[in-house]
Structures are given as structure tokens and as C-alpha cells.
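This report goes through the structure shown below, from whole chains down to single residues.

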Amino acid sequence: MKLLEALEIVKKGNLQKSEGTEFFLACGFTPLHLQTFLAAQLQLLLPQRRIELQTGLYGDLLGNISSLIKGTAEAAAVVIEWQDLDPRLGIRRLGGWGPAKLPEILENLRAQTERIRQAIEATTAKVSLAISLPTLPLPPLSSPPGWRASAFEFALRGCLDSLGAELAQDARVRVLNPQRLDALSSPSERLDVKSEVVNGFPYRLHHTSVLAELLARLIQNPQPRKGLVTDLDDTLWSGILGEVGLEGISWDLDHHSHIHGLYQQMLRTLAEEGVLIGVASKNDPALVNGALQKKNLILGRDQIFPVEAHWGPKSESLHRILKAWNVGAESVVFIDDSPLDLAEVKAAFPEIECVAFPKDDPQAAYQLFETLRDLFGKQTVSEEDSIRLESLRRASALREQNQGATHSTDSFLEQAGAHLTLNYKKLPPDPRALDLVNKTNQFNLNGRRFTDVSWLRYLNDPDSFTVLAAYEDKFGPLGKIAVLAGREEGRVLLIDIWVMSCRAFSRRIEHSLIDHLFDRFPCEEIAFEFAAMPRNGPIQDFFAGFLGQPLSPRLRLSRKLFMEKRPPLFIDVKEIGNG
Amino acid sequence: MVDPRTRLIKCFLAVFSQLKEEDVTQASVASVIDWDSVASITLLTVIEEEFSIQLSADDLGSLTSFEKILEYLKGVNTSNVTPS
């Protein structure tokens, strides 16, 4: 992005009528163009909001970080440079670089790094942070020639690496990946000596632009995609199964098809992290079944669900896979070596990210793996991630069973041995609750989304309560699948957040939750801050079952009506935590 | 390529968000209230980037109005400034 473009984006954003969202840029240098680029990048990522980017005092990084505790910023970018750790590591101060100074510089850097760590730690309860560790080259202050590394420089970098490793473990701190920064901004093209000396701003424009883009992405923290659908022939493996047969397909060094093995390894990793992996292949189903049973397949057969193998259009396969996963098209990535199939799927599902598998270009294939990491990346792998696929399989089996005539739904649910554990403990916040609130679309009361900080504010409200529901039946656990939050207003219970994972549908969990609320709270009526949205049909259907159509924005469901109309419930409900 | 005058107007409008297009050619340090030291650095950096030139420290003090900057740009021998 050019500076002119950034200024124009900021100017346009300032004209928005919406309420401003406050962010903070904490750095020790003059923020100047970094402030402009960061505001512009945030505006691009958050187009519905008016971005207000505040900055602090020149030369006081520590003070600027500490000021966040009393401020009202939703998130902050903290940009640390060498001169913030010891001014002699910059070029604006003339405190000396001689050999006698180096031990003292190192000592000073250690102490300042610790102070910064403490300041950041004190701040994270109030505001989420995006942190950039020093990006500029060290000045030529130690004795070895530039091509030879010095113990002094290793010691300096070691301190910062330790700081980064510690900060990266905190879910509310997001540390910028130096490897990605290096790929986009050459280290030798970062320092602007004239600008630093004259204006106190150390970065060249390209570096500023790249740094701002990555910081904005850290602040925005985009939701990862949920599922990946892959083609088979010349994608998951090398060769056309229908032509070369089971023995002819390969993914190894011997057959010069190793890149397909790496691709399988990448998919296996994603599956282990909770990403849903499905197959859409124009192929003979029996042959595909045989190929997927091969013992040396790196991606396990049990990690793939569902497999769509037939001769029909790929878009039909995608349609069925989306239904089986119960996710929106925008959560899915489709990978195929055929441009025609990619185009056909894209035409049917414009929201699906369609990516070509570059079977003849290993370098491009490697870049594809990096793209997949970006699309599916998440800070931590939760318990829910590890059981997602299995619970989907069970949900699918449950749907099929419900459609059959052998058992009625009631008798099936009665025999399921279901338990619902409701956790009322608000603090410390369970990250899964916010994850559910921000990811769920279908069974979602109003689509309200929260940042880390606004969620914390909500939880800290003494009048509010939240319930995080975990479900388990004799077929296994579904994990934490629903969040319900609100407050008591006299004889009415007001619910302003209610989300439930699509994996939990068809078990009457939603009915059991409302039943529990009427049981626990002395209210005659529950009011819901409902908003109809294009994608929250399942919750609309739930309410319409009691209240009919049309649904009003503040729905009220009385105890009497609920008890009259609710279906039989078989879930054993247990409450833990006391808020 | 758009002529330098139009490109310079675009730079001024981006940097000075309150400035009206019809007033740009008359803009100077004295007439534009937002033209402080930070705006000056931003304006000259945008001009450097837009016209692919490097301003020397000696030039900076004299570039205090739209007309002076335009005159300066016309005097710079670069194809980035001259319309092609």
C-alpha cells in the first residue's frame, strides 16, 4: 500500500457515521506513517467501523504500554525497537558503541525487557495486544565484521526470543511472526536513516506498510476456516486412479510424487487440529474406497468425512459435504488440480475459497501449504477440536436414524443417556465461550460478536450471568457446545446471547436449556434479544415452534407456553460454578 | 500519466482532510490551519513517493505552499514528474 492510498482510506473512514472503535499504537518512536498505515489497514479489515487510532508519548514505550490499563482502547499494537531497550542500540543517540559499553548495554537491555514484559502482563487483562519485537537491523556496534555473528548480538536476540516465547503463550497477546515479516519486507530495506535522524521515524515506507498490515491482521484475529474439501487424483495423490489403478497412484520420493505426500501430511496435521477434511472426486466409488484404505496413506481414512466419489458435478458433492458438516460455504476451502472443477464449484458457491493444486510446481505447492496454515491457523487446539469430526459423524448417524422407522426420536433420545453440564462460572473466562459466540451462525440469537476486551467487560458486569453448556451421551462427548448469557430484570429473565454449535442439533439441548432456566430462575417469562438474520434459520425455527410467525425483535416466552409446547426431554442437567 | 498539478492536488487532498479541492492551489503554511510540522513531513513523504523523488534537507524549508512545491517539481529532471 502506498502512503497516499493509506491517507485516502483513513480520510474516507473518518466520514463514517458509525460510533468510533478505539485502538492504540504504543511505540517509542514518532508514530507518523505507521499510525497512518495501521489506521488504514484496520479500516480495510473492519469496514463497518470508524477507526480511532490513538498514540502515546515519544520516547516512552514503557509509559505508553502502561497507559493502556487506564485507557479505553479495544486493542493495541505494541511496536518495540532496539532503541526502546537501550537508546544506544538506535542511531539517534550518541552514547557510545565501544567494547567497554557492550556488557552494560546487554545488562540494560535485559532489565528493560523485563520491565516491558511486566508492563505487558499487567495490561493484558484490560486490552488485547498485537506485539512486534525489534524489526530493524542492529547497528554495527560489536567488533566482528558484518558477515560474522557475535556472541553479543546472539545474547541480545536471545533476550528478545525469550520474551517472545513467553508472550506467545498468552492467548490475549499475539506476537508478530518475524519469519513472515522477513518474507514480505527485506531486513536490509527497513531502516530509513534520514527519516530517523530528521523526524524520529525509523522505517522506510514499504516496511511500514507491511508491518502495519501484519499488525492489523493480528488485531483483527480472523476466524479460521472450518473445513477443507480435497480432490483425489493428481491432488491427494499423483496419478489418475481410474487409469493407473490402486498400485499406480503414489505420493513418495521414489515416484517423484513426494509433494503429494507433503500435502497429505499437511491435511493430516489440519485434521489433528480439528479441521474437517472431506473428499470430492469424480471417480469410481469402489476404487476410491480401496485407495483410501491403503495402509501407507499419510492422511488417515478415519480423518476424512465425508467422501463424495461419483461422476456428477463437484458442486453437488460440495453441497452434500456442507450439509453433512452443517457449516456455511464461507468456512470452507476447496482444493483441486482441475481449473474447470474449481470454476464450477466457485460458480455454485462464490463464498468457498477455491484453490488450485499446482501438481507440476513443487515451489507453488509449498506456498499452498503456507496459505492453508494462514486460512486454518489458530492459536491453540482445544478439546472440542479433537472431537469435532467424531461428533459430526454421530450427528449424521443420528439424522439417518431419526429418518428411519425403526426407532422414534423420543425413544432414541431416551436411550441416549444424555448429560448436560452447565457451568455458570464467569471468570477466568473460558476461551471456548467467546469462540462459540463469535463463530456460531445458525443457532445464534442475534449475531452479536465480541472482542476479547468487550467480552471481558460483559463478564465483569455484576448483573450478568453466563452459562457454558457441555454435552455428552453414551456415544461420547460433544464438548462445550452452547453459551447462554443474560440478566434478571424483576420477574423477567433477559437473554441477550444464545448460541449453540450445529453439532448439537437434533438432541433437544435447546429445549433443555430453557427448561433449566425456568427451573433455576424465579421468572414467569424469558425475554430474548432476538434478531432475524439470513443464516440463523435454526433458532428462528425453534422460536416459531412456540410463538409462530412473524418473530418480533424482543421475543417473550412465558413459562406456561413453554411447558405446554415443549417436547419430552431426556437430558440429565447438572449445574456447576456459581458465577 | 496524469499531469503533476493534478497529482499534487491529490496529495494535498489526502494529507489535509479539511481542505476543499477549489482551495488547494492557494494552500500554504499560512492559509491551512492543519499544516503543522507532522503534516509537512507527511505531505513531503507522499510527494516523494508519488513522484519517485528524494527531497534534500535544504529543500524542505522552502516548500511551504502548493505553488512553490509545483514549481519545485517542474524543476526536477525526472520522467516521473513530467507527463508522458
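Helices, of at least four residues, and strands, of at least two, are DSSP runs numbered from the N terminus. On that basis, chain B has four helices and zero strands. Its order along the sequence is α-α-α-α. The model is a predicted one.

## The two chains

Chain A has 22 helices and 18 strands. Its radius of gyration is 27 Å, close to the 25 Å that the globule rule gives for 579 residues, so chain A is as compact as a globular protein of that length. Taken along the principal axes, the C-alpha atoms of chain A fill a box of roughly 85 × 70 × 40 Å.

| Chain | Buried residues | Share of contacts (separation of 6 or more) that join residues at least 24 apart |
|---|---|---|
| Chain A | 37% of 579 residues | 71% |

## Domains of chain A

Chain A is divided into domain 1 (3-220), domain 2 (230-376) and domain 3 (407-576). Between domain 1 and domain 3 of chain A, the C-alpha centres lie 42 Å apart. Six residues from domain 1 of chain A and five residues from domain 3 of chain A make up the contact. On the domain 1 side of chain A, the residues that touch domain 3 comprise three nonpolar, one polar and two charged.

## Nonpolar cores

In soluble globular proteins, nonpolar side chains tend to be buried together. The largest nonpolar core here has 70 residues. Which of its members touch the most others? They are Ala26(A), Leu34(A), Leu38(A), Ala76(A), Ala77(A), Val78(A) and Leu215(A). Helix 9 (residues 205-220) of chain A gives the most to this core, with eight residues.

Ala76(A) can be followed in more detail. Leaving aside residues up to four places away in sequence, Ala76(A) touches Phe23(A), Phe24(A), Ala26(A), Leu68(A), Val127(A) and Leu129(A).

## One helix in chain A

Helix 19 of chain A spans residues 452-460, and its buried residues are Trp455(A), Leu456(A) and Leu459(A). Seen down the axis of helix 19 of chain A, these buried residues fall within an arc of 100°, so they line one face of the helix. An α-helix has 3.6 residues a turn, so residues three or four places apart point the same way. What do the buried residues of helix 19 of chain A pack against? Their partners are helix 18 (431-439) and strand 13 (464-473) of chain A.

## Contact between the chains

Twelve residues of chain A are in contact with eleven residues of chain B. On the side of chain B that touches chain A, the elements that give two or more residues are helix 1 (4-15) and helix 2 (37-51) of chain B. Helix 2 of chain B supplies the largest share of that side, six residues. By class, the side of chain B that touches chain A holds seven nonpolar, two polar and two charged residues.

## Backbone details

Two cis peptide bonds in chain A involve proline. One joins Phe305(A) and Pro306(A), with omega about -10°. Pro306(A) is placed in strand 8 (residues 304-310) of chain A. Another joins Leu427(A) and Pro428(A), with omega about -5°. Pro428(A) sits in the loop between strand 11 (419-423) and helix 18 of chain A.

Positive phi values in residues other than glycine also deserve a look. Leu32(A) has phi near 30°, and this residue is found in helix 2 (residues 32-45) of chain A. Is Leu32(A) buried or exposed? A residue is buried if 20 or more other C-beta atoms lie within 10 Å of its own, and exposed if 12 or fewer do. Leu32(A) has 21 other C-beta atoms within 10 Å, so Leu32(A) is buried.

In chain B, Ser52(B) has a positive phi of about 50° although it is not a glycine. Ser52(B) lies in the loop between helix 2 and helix 3 (57-60) of chain B. Because Ser52(B) has 10 C-beta neighbours inside 10 Å, Ser52(B) counts as exposed.

Note on methods:
Residues are numbered from 1 along each chain as its sequence is written. Chains are lettered from A and ligands numbered from 1 in the order in which they are written. This is a predicted model: local features need pLDDT of at least 70, side-chain atom pairs count only at pLDDT 80 or more; totals for chains, interfaces and linings use all residues. Domain bounds come from an automatic or database domain assignment. Two residues are in contact if their C-beta atoms, placed from the backbone, lie within 7 Å. Ala, Val, Leu, Ile, Met, Phe, Trp, Tyr, Cys and Pro count as nonpolar, Asp, Glu, Lys and Arg as charged, and the others, Gly among them, as polar. A nonpolar core is a set of buried Ala, Val, Leu, Ile, Met, Phe, Trp, Tyr and Cys residues joined through C-beta atoms within 7 Å. The radius of gyration is taken over C-alpha atoms; the globule rule is 2.2 Å times the number of residues to the power 0.38. The arc is that of the directions from the helix axis to the C-beta atoms.
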